[in-house]
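Biologist: I have a structure on the screen and would like to learn how to read it. Could we go through it feature by feature?

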Amino acid sequence: MPTRTLRVDLKERGYDIAIGSGTLPQCAEFLAERSSSSHVVLITDSNVDELYADAVGDYFVEAGLEVELLVIEAGEESKNADVLIDLWQTMLAEGADRGSVVAAVGGGVVGDIAGFVAATFTRGVPFLQIPTTLLAQVDSSVGGKVGVNLPEAKNIVGAFWQPLGVLIDVDVLGTLPAGEFAAGMAEVVKYGVIMDEPFFEYLESNVDAINARDSETLQYVVERCCRLKADVVQEDEREETGRRAILNYGHTFAHAFEAATQYGKLLHGEAVAMGMVCASQLAERIGLIDAQATQRQIELLEALSLPTRPLEFDSEEIYRLMWHDKKVADGKLRFVLPTRLGEVKLTSAVKSGDVIAILEGDA
Ligand SMILES: NC(=O)c1ccc[n+]([C@@H]2O[C@H](COP(=O)([O-])OP(=O)(O)OC[C@H]3O[C@@H](n4cnc5c(N)ncnc54)[C@H](O)[C@@H]3O)[C@@H](O)[C@H]2O)c1
Ligand SMILES: O=C(O)C(=O)C[C@@H](O)[C@H](O)[C@H](O)COP(=O)(O)O
Ligand SMILES: [Zn+2]
């Protein structure tokens, strides 16, 4: 399959997403088409460093660029303010300035933190996304949400800072551990539920090819998700009208699960899988959707090796943590709930007793 290019049309902040197999060596050319900077701050994590970031750095150097490689510890625990301060100070010490460009090579953790570094260093430098996990390729590298966690609340400090461009090479997914691959599929299933019933059906019919990481299937899946996300972001870049909030399906629950486990026990995608089932059960409980729609989500998620039942949580604690959700407005929690497969709505018409009942497994 040839490399495909999608456009995220955000006027002066618009950018391309290039998706293909074996695209990584094109990184210097991809950057040069979008920036005249000769200084790249390449941010990666301790796993991706040797796997891909070294090579990306070499491609940039071969193209005549000066490269500083900054490596953070792999994992969600790194998405915090201390790591941010380290990155800012190292950049300063290494001579980065307003003429530098940040390149994020890694998963969603690297993309979110490097993007926030780019948004804030010298009040903002451009950045390039080179996502290397499935989750980052289908979701986090597109749309410009960047930031870090506090112990109490996920992604609570951040910015909207769109990248210069997104370069996706699906070949790198070959080295992704199975659990990380599955976690990315949770966000993929999300797109089907929130806005594309035929895509949900496609996923149901292609579980084997997906689990086998068939390259053409993955390119199609990544491209479909990027197109759907770009369409939503184009309509509501900064989550002001409620349209972009649909991308948060399952996340009111998921983010509370992640904070309750100190970001150390659950992958984001695993929490999203459990959160989507809770949200669908909540929708069922208040009469928005039928039981079969929830059951189909559970079956698809399980076929993709994802968890569908919350851990043994303290329900009251989870409910309390949910109030840190950024969709809270007018003193009310707002949930993204399905009305059928392929359609969701944002609603605050939910009683606390119903939420707690779902958390206690009383679906
Ligand atoms: N900004 C957004 O719109 C957005 C959207 C969804 C999720 N997120 C955020 O993304 C984060 C999760 O991202 P993630 O799931 O990519 O996790 P991650 O960045 O922690 O990466 C997962 C693991 O895979 C390793 N890895 C990365 N690429 C690899 C490869 N090709 N081969 C082998 N190992 C590889 C990493 O080192 C890490 O250990 C969360 O913090 C979540 O909040 C942000
Ligand atoms: O891009 C968005 O908008 C999303 O909601 C995508 C989510 O998958 C992602 O996890 C995002 O980081 C959550 O955003 P938040 O605003 O709830 O922190
Ligand atoms: Zn997410």
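This is a predicted model: local features need pLDDT of at least 70, side-chain atom pairs count only at pLDDT 80 or more; totals for chains, interfaces and linings use all residues.

Biologist: Let us begin with the overall layout. Which domains does the assignment give for the protein chain?

Modeller: A domain may be one stretch of sequence or several pieces put together. Here domain 1 is 4-175, and domain 2 is made up of 178-211 and 240-359. Taken over C-alpha atoms, the centres of domain 1 and domain 2 are 27 Å apart. Their contact involves 15 residues of domain 1 and 16 residues of domain 2.

Biologist: Which elements each supply at least two residues of the side of domain 1 that touches domain 2?

Modeller: The elements are α5 and β8 (153-160). Of the elements on that side of domain 1, α5 gives the most, with 4 residues. By type, the side of domain 1 that touches domain 2 has 7 nonpolar, 3 polar and 5 charged residues.

Biologist: Now the ligands. Which residues come nearest to ligand 1?

Modeller: For a ligand, one reads the shell of residues around it. Ligand 1 has 31 residues around it, and those that come nearest are Asn47, Gly107, Gly108, Thr133 and Ser140. Two or more residues of this shell come from each of α2 (48-62), α4 (108-120), α5 (134-140), α6 (178-195) and α11 (268-285). The shell around ligand 1 holds 11 nonpolar, 13 polar and 7 charged residues. Domain 1 and domain 2 each contribute at least three residues to that shell.

Biologist: Is histidine 251 buried or exposed?

Modeller: Burial is read by counting neighbours, and 20 or more other C-beta atoms within 10 Å makes a residue buried. Histidine 251 has 27 of them and is buried. It sits in helix α10 (residues 251-260), and beyond four places in sequence it touches Val272 and Gly275. Histidine 268, in helix α11, is also buried, with 28 other C-beta atoms within 10 Å. Beyond four places in sequence, histidine 268 touches Glu76, Gly108, Leu135, Ala183 and Glu258.

Biologist: What else does UniProt list for "binding site"?

Modeller: The unreviewed entry lists Gly108, Val109, Val110, Gly111, Asp112, Thr132, Thr133, Lys145 and Lys154. Take two of them as cases. Valine 110 lies in helix α4 and counts as buried, with 30 C-beta neighbours inside 10 Å. Its contacts beyond four places in sequence are Ile43, Thr44, Asp45, Val48, Ile72, Ala104 and Val105. Lysine 154 is in strand β8 and is buried, with 25 other C-beta atoms within 10 Å. Beyond four places in sequence, lysine 154 is in contact with Asn149, His255, Glu258 and Ala259.

Biologist: How many residues of α6 are buried?

Modeller: In general, an α-helix has 3.6 residues a turn, so residues three or four places apart point the same way. In α6, 14 of the 18 residues are buried, and the helix is mostly covered. From its first C-alpha to its last, α6 reaches 27 Å, close to the 26 Å expected at 1.5 Å a residue.

Biologist: Last, which residues does UniProt list for the C-terminal domain of 3-dehydroquinate synthase?

Modeller: The unreviewed entry gives residues 184-328 for "domain: 3-dehydroquinate synthase C-terminal". That span is 66% helix and 0% strand, and its end C-alpha atoms lie 26 Å apart.

Key
Residues are numbered from 1 along each chain as its sequence is written. Chains are lettered from A and ligands numbered from 1 in the order in which they are written. A residue is near a molecule or strand if its C-beta atom, placed from the backbone, lies within 6 Å of it. Ala, Val, Leu, Ile, Met, Phe, Trp, Tyr, Cys and Pro count as nonpolar, Asp, Glu, Lys and Arg as charged, and the others, Gly among them, as polar. Domain bounds come from an automatic or database domain assignment. A residue is buried if 20 or more other C-beta atoms lie within 10 Å of its own, exposed if 12 or fewer, and partly exposed in between; C-beta atoms are placed from the backbone. Two residues are in contact if their C-beta atoms, placed from the backbone, lie within 7 Å. The expected span of a helix is 1.5 Å times one less than its number of residues. UniProt positions are given in the numbering used here, feature names are shortened, and annotations may be inferred rather than shown by experiment.
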